[in-house]
Amino acid sequence: MLFMVQMQVNIPASIDKDTADALKKNEKEMSQKLQREGKWRDLWRVVGQYANVSIFNVSGNEELHQILSNLPLFPFMTISVTPLTQHPSAIAQID
Ligand SMILES: O=C(O)C[C@H]1C=CC(=O)O1
């Protein structure tokens, strides 16, 4: 199943820089592992915001929740999830 996931990152100023840098490094590693596995299919920066729009290709709600809730930045993100299905006029093959 495909999901559009929007993540807004809000790391509080009270988190020290080294901790924030470690969280971002771990988040990057995990997101790149999931991208290589094909589960995190697209990752786009929202221009002008510490936010992204992503497309996940996972088995369903439970797997997506498991992935998102284990992200290192999860405690500091506001996340919205939109399930997707293929548009009847789309010519691209869904994967
Ligand atoms: O920077 C972000 O948008 C948050 C998060 C998503 C992937 C990643 O490496 O960090």
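The structure is a predicted model: local features need pLDDT of at least 70, side-chain atom pairs count only at pLDDT 80 or more, and totals for chains, interfaces and linings use all residues. Residues are numbered from 1 along each chain as its sequence is written.

Helices (H or I, at least four residues) and strands (E, at least two) are DSSP runs, numbered from the N terminus.

The protein chain contains two helices and four strands. From the N terminus on, these elements follow the order β-α-β-β-α-β. The four strands form an open sheet, ordered 2-3-1-4, with antiparallel pairing. Strand 2 (40–45) and strand 4 (77–84) are the edge strands, and each pairs on one side only. From one strand to the next, the twist averages 15 degrees. Axes are lines fitted to C-alpha atoms, for helices over the stretch in contact, and angles run from 0 to 180 degrees between N-to-C directions.

Two strands pair if DSSP finds at least two bridges between them. Strand 1 (residues 2–9) and strand 3 (residues 51–57) pair in the antiparallel sense over seven bridges. In this pairing, Q6 stands opposite V53 in strand 3.

The C-alpha trace of the protein chain spans about 50 × 25 × 20 Å along its principal axes. Of the 95 residues in the chain, 6% are buried (20 or more other C-beta atoms within 10 Å of the residue's own, all placed from the backbone). Contacts join residues whose C-beta atoms, placed from the backbone, lie within 7 Å. Among contacts between residues at least 6 apart in sequence, 63% join residues at least 24 apart.

An unreviewed UniProt entry places the feature "domain: Muconolactone isomerase" at residues 1–89. UniProt positions follow the numbering used here, feature names are shortened, and annotations may be inferred rather than shown by experiment. The end C-alpha atoms of residues 1–89 lie 19 Å apart. This span is 33% helix and 33% strand.

Notes
Buried ≥ 20, exposed ≤ 12 C-beta atoms within 10 Å, placed from the backbone. Contact = placed C-beta atoms within 7 Å.
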